[in-house]
Structure formats: C-alpha cells, structure tokens
2 protein chains.
Amino acid sequence: MSTANSLLEAFKKTKYQVSGHGKRDIQILKSALQELDGQQESDVYGKGQIIEDFQVKMAKYLGKDTAVFFPSGTMAQQIALRIWCDKKGLKKVAYHPLCHLEIHEEDGLKELHHIETVLLANQSRLIELEDVLSMEEEVACILLELPQREIGGQLPDIKTIEEISKYCRKKGIKLHLDGARLFEILPYYQKSAAEICSLFDSVYISFYKGIGGIAGAILAGDKEFTEESKVWKRRHGGDLISLYPYIVSADFYFNKRSSKMEQYYKDAKELAELFNSCHSVSTMPIKPVSNMFHVHFHAPKVQMEPLLLEIYEVTGVGLTGYLNEVTEESCSYEVSIGDQYATFPKERLKEVMQLLDMKIKEMKHLNS
Amino acid sequence: MSTANSLLEAFKKTKYQVSGHGKRDIQILKSALQELDGQQESDVYGKGQIIEDFQVKMAKYLGKDTAVFFPSGTMAQQIALRIWCDKKGLKKVAYHPLCHLEIHEEDGLKELHHIETVLLANQSRLIELEDVLSMEEEVACILLELPQREIGGQLPDIKTIEEISKYCRKKGIKLHLDGARLFEILPYYQKSAAEICSLFDSVYISFYKGIGGIAGAILAGDKEFTEESKVWKRRHGGDLISLYPYIVSADFYFNKRSSKMEQYYKDAKELAELFNSCHSVSTMPIKPVSNMFHVHFHAPKVQMEPLLLEIYEVTGVGLTGYLNEVTEESCSYEVSIGDQYATFPKERLKEVMQLLDMKIKEMKHLNS
C-alpha cells in the first residue's frame, strides 16, 4: 500500500477527526428519515408537496421569487449560465480561473452548451472590481464564487460585490452566485442570505458542504428564469421521478446546522491560529473568513505523510486523509469545520499541534 | 375541482388498486434502508463498494463487461447515443417516433448533443427489419425500445431483433437497447437478460418501473464505452457525490421483484382478458406480452370519468387515476401489473368488470 493510501486508512481509523461532520455513511440518510411519516407521498417529476414546500422555503431564505431543487450544482450552474446566455443571445460568460465549472466538470459547459469563457483575475487571487471594469470582451453573465474555494475560501469585501453588482446591472450583464458555501460566509459578512443574494440575479446553493446533507442543490431566481431551468433540468436528465431522498435530508440538516455557521467560523479561526503557531505551517487565508481554510506545510509531501501518520497513531487525532503536492517543497489540504470540532477535547488538539511543531522542526533539522 | 382531478383523488382513496406496487411514499425508501448497517460508507463520486458492487452485479446480470449507475435513464441514454455518434463521427441516430428521447425529454438529445434523428416505423406499429433495411440515411446507432411502451408495450418477435442485430453489426451500426422494462419482457421471450442484451452493443435498464425502486438507471456495455459514459455523466451533472439512496433501493427491490415478472405477466394476461370481455373496451395489445398494456374505452373521456368514479365508489376498487383522450370518441390509460394485483380478492375484480360492462352499455344506449 502506498503512503497516500495509508494516510487515508490511518485517518479513517482515528478516534477524533478535526474537520467535517463525521463519516459519510448511510446513517446520515437513516437519521434524516427517522422522524418522517412513511406515508408522506413522493415528489413526482418536480411536483408534489415534498419538493414544492422545500423550494418555497429556500426561495424565501434566499430572498428570491422562486427556487428549483436540482440533483447537483454542476447541473444547476451550467443551466443558469445557459439561460442567461440564451437571453442575451451571446454564448460567453466570465468567471475565476479556478471556478468549479472550469476545473471540475469535464468541460460540461463547453461540451454540452458551447459557451465560451473569459477568465477573470488569476489563480492566486480573488476577482476584484478592476478585473470586471477592464474586461475587454462582452459577456452575458459573470459568476462569482463566495467563498473562492480553491484559494482557501477567500472572500472579497462586501463593497466589492456591491460595486460589481451595480456595474453589471448598468451594463446588462447578469450576475450569478456560486453559493455552494453561502451559509458558511454569512457570519463573516454579518448579513442574511437574502441580503447577499439581492446583489445577484441567480444563485445556487449546495446541501452537502456546511449543511452536511447527502447531495442536491437549489437554483433560485425570478420565475421566468426558474421555469426555464426546469426545462433544461429535464434535458440534462435531472428531472428524476423522485428527488425526495436528497430533499428530506437537505431539509433535515438545514434545520439542524444552518444556525451553527457562526460557531464553525469561530472554530476555524481558532484552529488556523494553532496551525500558524507551528513551524513551517501556514494557513490560507491566515485568518479564515468562513468555516474553511487550507493548511500549507512548507515541507515535501513524501515527508509530511509519514509524519502525519505517526501523529495520528500517537494521539488518535486525524487531521486529513490526503495531501496535495503544491511544489516539490510544499503540500496542502483543505479544512472545513463542522460538528466534529466541538466533540473533541481541546487538550488533545494542543498536544497534536505541539507534536506537529516538534516533528517538523526535527525533520527540517535533519534535512538541513 | 375538475372531473379529471376528482378521478385522481377518488382513485387514491380506493381500498384496492389494480395496477402497480402501491403508493410511491417515503416508506419505499425506509423499507429499503431498514436492514442496512448505518455504518456502511457512502459512495463518493462514483467510487466505493456500495456503487461498485452493484455495478458489477448488474453487468453480470446483463452479460456485459461493465455497468455504470446513473441518476436517470434520460441522462444515460442521451450519453449512450452521444458516445456512439462520436465514435463514428456521425451525429445521427434512428429510433421509433414514440421513443422516450423524442417525446419526453424536451429534446435534450438535440439541444445538448446536436444529434439528428431518423424516425423508423410509425406511431401505430413496431420497428420491423424492413424499416431498418430500407433506411436511406446513414446513422451511427439504432435504438430499440423493448417493449415499445407508448403503443401498449408491444414486442417484436425475437427473430426480428436477431436479424436487426446481425444487419447492424454487418453495417457498423451500433444497436442500443432502451430496456427501461427489460425485466418485464423476459418471461415472454423465455430468455435471460444476458441473452437479450447479447444482441445489443449497449443497454439501459431502469429501477422504478417493474422493479419499483425510487429512481436510477444502469448503463452497460464494454469498458471503453462505460468509461466514456462516466465523463459525460460528470458533464451532465449526474456524477453526484452520493447516489446510494437510489442504489440501495434499486438493489433491495431488484432482489425482491426481479423473480416475480412471470407472475406479473400472467396477471396482465388475465386482467386484459377481463377487460376485453366488456362492452366497448379493448386492450392494446389484445394479449399482453409483458406486465403492461393499454386499456382503450371506446367512449368519450368526459363520459368515462364520472362512470369510473362511480365504480370506484361502489366497489372500492381503483382502475386508474387518469384518462388520456385518444379521439373525441375514445380514451385510454396504461396498466402496469405489480404487487398490488395479488393482494386483491378476485371476486371484487369480477364485480368491477360486470359493473363496467353494464354501465358502458347503459351509457351507449343513452347516447344512441
């Protein structure tokens, strides 16, 4: 077995895991169903109380006219951009170079919808107003992802979003929110979801990140937009006869966790501070602005893997199941704080950090 | 409330319902999960034991190298046709005018994949060998749907399929099976699924028709084909982080019902005979070849609705929740036999049929 696989296996066996809500096992679904009346009727091709009620609830939460439940964000967002492109008669959109659609969807937007993309900003920083103002090509829509996940979950200040929104409205450019982690950023902005969403024409949210559901997404906007999205949902093969397994779990965990984002955010700041006090470890961002951040080890992946393995064995605490190589001399992984963090003795965490600090120092000493 | 809505409401309230497996309620999922260990891990983006084991099981059942689980048949079939088109470098396929892709998918195949279609046979009959032989245009793939649902679930004889298959292989045309109801036709052909599928290059099956699961589909074929289908699944937004709610229920109800298709088929023939003995009622086909058939009333929909309503009230037996207008003078609905039929006293059914016969005669008498 490679060390990479060993790290994942060892991580899974640890008693305490620092991030997340716990194992993604079938119990997640069983718990969501437990209290529900078995006689409740299934949704049928997008109709029925179980789906319609949840759509109304989410539309209200997001401050939009209407909302549609989708099996995935990949589907929902391609469709959102397609609708805005068709409306303008221009198949071009702009987004960040590390946008989910650009790097995780096998180019679905281009292969299925033939939409061209303009990349704003660069791989190491956020989109700023200046990037939008200096864009030379005309586009139908700009997608903003809040937080920008692939750079550690960074956020622009609210003024930047307001100015981009204002500019887009003036120029007839639609503004779409990739809000996969929208819940998670509300404590930082100290705003409601509806207040953030009011700056956007359309918004997508996910139920298996901070909310910890099973899968599924909501796409929200005005009625004309969401009605058209239903037609595309059917074309994509997403208009399933029954989506309720995802809907009931989305609703259950939304009710359970949407009010806990403030705590996750505080926990993330606390944990990042602990990491930043260790030798050759830093977090991106230094001070998190949501429940997430990236941990960067300024040491080679091949050396960090056995080091982490040893820490897991000694302490029973798991930090991560994988490491991404950033350069030959550094590696990183993502932290998303969830329910696990609170279940966990703080002394244990300090012990882990002291050990991490000490072992990296030792390693660096041996290397030099 | 319109009579149409009343018919559905009255149908839902009946004690006995002649077709189907019973209500599509949350209990379907709860029952499938009941015996499962909550600690079983979720699939993660198409990987993990829960999805891989089921895919292997279905590949074996279908006699294909590999199989991929999809959230829907709409997605799976568009992708199958796209792969065959790309392989040949020709964006054209042939199928029946009442093919699911032609009439139920908002033209996804054309809008997303830009694939042209050639329609074989016509709306009132099956595709025969002659239709294939006389096709003037070159196509990459032919889709056959067994049974042809929209004309009552008719089937060609096995020799026709064998000859079409042989011809397609000779000509380098791929043959794809829309096997949404494949389980249901095996008793008629007295063949295994693998024997039928050996005549096709790719096959899709569904888990919420005769099997009575919640949603989901399998697409099977050779390894090159299924690997490519996974890339398109991601592009379509169908590569969900977790598909297990559909997989565990597909597996549960496959185990429960795949061996019961012979019984459903016998029941369908029995029930069709009862209908055909009533005045101005006929079934399509006259003698079913699977668990399904269409019931045609040679009387106007507006007259049949209140007549059925009355029968439901008197007997407590529900036949259908809707009627489709065929002409001004006739209407129809679909029957799919499932577990319900056996739960149900036969005398009750005869009573219903006598009443139906009598009431239609009365109505016809009054009309004339």
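**Figure 1. Polar contacts between chain B and chain A in the predicted model.** In this predicted model, 32 residue pairs, both members at pLDDT 80 or more, are in polar contact between chain B and chain A. On the side of chain B that touches chain A, the elements giving two or more residues are helix H2 (27–34), helix H4 (73–88), helix H6 (108–113), helix H11 (223–236) and helix H12 (244–257) of chain B. The largest share of that side comes from H2(B), which supplies six residues. Sorted by class, the side of chain B that touches chain A comprises 22 nonpolar, 16 polar and 13 charged residues.

Figure 2. The view shows the interface in which 51 residues of chain B are in contact with 51 residues of chain A. The area buried between chain B and chain A is about 4,200 Å², and carbon and sulfur atoms give 59% of this area. Within chain B, the residues that lose the most area to chain A are Ile26(B), Leu112(B) and Arg235(B), which together account for 17% of what that side buries. Two salt bridges are found across the interface of chain B and chain A. In a salt bridge between the two chains, the side chains of Glu41(A) and Lys12(B) meet at 3.5 Å, N to O.

**Figure 3. The salt bridge between Glu334(A) and Arg149(A).** A search over all chains of the structure finds 38 salt bridges, and in the one shown here the closest N and O atoms of Glu334(A) and Arg149(A) are 2.9 Å apart. Glu334(A) belongs to strand E13 (residues 330–336) of chain A, whereas Arg149(A) sits in the loop between strand E5 (141–145) and helix H8 (158–171) of chain A, so that the pair links distant parts of the chain, 185 residues apart.

**Figure 4. Surroundings of Gln148(A).** Gln148(A) lies in the loop between E5 and H8 of chain A. With a relative accessible area of 3%, Gln148(A) is buried. The side chain of Gln148(A) is joined to that of Glu145(A) by a polar contact of 3.1 Å. When neighbours within four places in sequence are left aside, the residues in contact with Gln148(A) are His96(A), Leu98(A), Cys99(A), Leu126(A), Gly153(A) and Gln154(A).

Figure 5. Two pairs are shown, one with Lys346(A) and one with Lys359(A). The side chains of Lys346(A) and Glu270(A) meet in a salt bridge at 3.3 Å, N to O; this pair links distant parts of the chain, with Lys346(A) in helix H15 (residues 346–367) and Glu270(A) in helix H13 (residues 261–276) of chain A, 76 residues apart. Lys346(A), at a relative accessible area of 36%, is partly exposed, and Glu270(A), at 32%, is also partly exposed. The side chains of Glu310(A) and Lys359(A) form a salt bridge at 3.0 Å, N to O. Because Glu310(A) lies in helix H14 (residues 301–315) and Lys359(A) in helix H15 of chain A, this pair ties together parts that are 49 residues apart in sequence. Glu310(A) counts as partly exposed at 38% relative accessibility, whereas Lys359(A), at 13%, counts as buried.

Figure 6. Strand E2 (residues 66–70) of chain B is mostly covered, five of its five residues being buried. In a regular strand the side chains alternate between the two faces of the sheet. In E2(B), Thr66(B), Val68(B) and Phe70(B) point one way, Ala67(B) and Phe69(B) point the other way, and all are buried. E2(B) runs antiparallel to strand E8 (residues 217–221) of chain B, to which five bridges join it, and Thr66(B) stands opposite Gly221(B) in E8(B).

**Figure 7. Gln55(B) in helix H3 of chain B.** Gln55(B), a residue of helix H3 (residues 49–62) of chain B, is buried, with a relative accessible area of 8%. Residues up to four places away in sequence not being counted, Gln55(B) touches Ala67(B), Val68(B), Phe69(B) and Ile218(B). Gln55(B) and Ile247(B) are 192 residues apart in sequence, and their C-alpha atoms are 9.4 Å apart in space.

Definitions and conventions:
Residues are numbered from 1 along each chain as its sequence is written. Chains are lettered from A and ligands numbered from 1 in the order in which they are written. This is a predicted model: local features need pLDDT of at least 70, side-chain atom pairs count only at pLDDT 80 or more; totals for chains, interfaces and linings use all residues. Side-chain values use heavy atoms; hydrogens and water are left out. Contact means heavy atoms within 4.5 Å. Buried area is the accessible area (1.4 Å probe) that two parts lose on being put together, summed over both. A salt bridge is a side-chain nitrogen of Lys or Arg within 4 Å of a carboxyl oxygen of Asp or Glu. A polar contact is a pair of N or O atoms within 3.5 Å; within protein, one must be able to donate a hydrogen and the other to accept it, and residues adjacent in sequence count only if both atoms are side-chain atoms. Helices (H or I, at least four residues) and strands (E, at least two) are DSSP runs, numbered from the N terminus. Ala, Val, Leu, Ile, Met, Phe, Trp, Tyr, Cys and Pro count as nonpolar, Asp, Glu, Lys and Arg as charged, and the others, Gly among them, as polar. Buried means under 20% relative accessible area, exposed over 50%, partly exposed in between (1.4 Å probe, protein chains only). Two strands pair if DSSP finds at least two bridges between them.
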